[in-house]
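Colleague: I have some questions about the labels on this model. Can we take them one by one?

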Amino acid sequence: MTSKVVGVTAVAFSRDQERIEYLRESFDGDVVINEKQVRFTPEELIPFLQHCDYAIIGLDKITDDVLSQCPQLKVISKYGVGLDNIDFKACAKHGVKVVYPKGVNKRSVSEEVLGASLSLLRNLYVTSNLLKKGEWLVQGGRQLTNTTFGIIGVGHIGKDLIEVLKPFNCELLVNDIIEQDAYYASVGAKAVSKEEIFQKCDVISIHTPLDEQTKHMVNTETLAMMKSNAIIINAARGGIVDENALKRALLDNKIAGAALDVYEVEPAEDKALLEIPNLMCMPHIGGNAKEAVVAMGMAAITNLINAIE
């Protein structure tokens, strides 16, 4: 009988030798990894997955076209928590089961948001970069403590961010498509409209999935609602922010600053955006703290083995 094959496309997982060895020990079959350790193009993804029975994927686009050319594929285990790259209708059509973790990297993302908030509000990021160029700018910004902090999307990460923010005594304005009034009351948060968050908050952090409702949710109109001394952070998905609108808002000093960990095209390539002094730009590392990488890898393996069994 032909040995079953699990293919690992996720770049970070393919670098994690301990998790690879654990997968090989746990899986009764062959394991093939992404040896190039770069994100596959669609043209590379199809031949890689064509002879796989199971897969551990990262940000690869799983479409009807991909699945139609990978008839052996029976289970996909998601490495990480974002699901917008998977066409679930196509998976159902082709009889492919999808399993995924929930909240395994939440503290990693929350800490990145906290770091970006402090770095931008206190002017640490801008003045550090200026000093590297020989400019001594003594402007210490303002404290995060007692500011009004807006969170759009109150799932695992949004809730963990609320926990991380406790010592700063922020006024918390929140928005989510799910009614969670009892939870909000327990943590001292107030449910409001997105418009009120854009209008009133000193810091706005986005934690929603990317879908038809959230695509370009941050745009020229919503950025114009923001206070001139406010900052916005997106560590969710790139398409949520209209990058051209953000670029204009920053260059025209409509808002005080922004932080992006995700981009409409990755790797990010808009130098005019990336070089704006008060834009903190990270290479999609929000959920990639060492501890989160281990947790995501273990969850991907466990979910896959459970689904197979």
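Modeller: Here are the labels and the reasoning behind them; note that this is a predicted model.

Colleague: Why is D53 called buried?

Modeller: Its relative accessible area is 9%. Buried means under 20%, so D53 qualifies.

Colleague: What makes D53 and K4 a salt bridge?

Modeller: Their side chains meet at 3.9 Å, N to O. The cut-off is within 4 Å, so the pair counts. D53 sits in the loop between α3 and β3, and K4 in the segment before β1, 49 residues apart.

Colleague: Why does K4 count as partly exposed?

Modeller: K4 has 40% relative accessibility.

Colleague: What does the salt bridge between D202 and K227 tie together?

Modeller: The closest N and O atoms are 2.8 Å apart. D202 lies in the loop between α10 and β9, K227 in the loop between α11 and β10, so the pair ties together parts 25 residues apart in sequence. D202 is buried at 7%, while K227 is partly exposed at 29%.

Colleague: Why is α6 called oblique to α8?

Modeller: The two helices pack at an angle of about 55°, with their axes 9 Å apart. Roughly parallel needs under 35 degrees and roughly perpendicular starts at 65, so α6 is oblique to α8. Their crossing is right-handed.

Note on methods. Residues are numbered from 1 along each chain as its sequence is written. This is a predicted model: local features need pLDDT of at least 70, side-chain atom pairs count only at pLDDT 80 or more; totals for chains, interfaces and linings use all residues. Side-chain values use heavy atoms; hydrogens and water are left out. Axes are lines fitted to C-alpha atoms, for helices over the stretch in contact, and angles run from 0 to 180 degrees between N-to-C directions. Helices (H or I, at least four residues) and strands (E, at least two) are DSSP runs, numbered from the N terminus. Angles under 35 degrees count as roughly parallel, over 145 as roughly antiparallel, 65 to 115 as roughly perpendicular and the rest as oblique. A crossing is left-handed if the near helix is turned anticlockwise from the far one by less than a right angle, and right-handed if clockwise. Buried means under 20% relative accessible area, exposed over 50%, partly exposed in between (1.4 Å probe, protein chains only).
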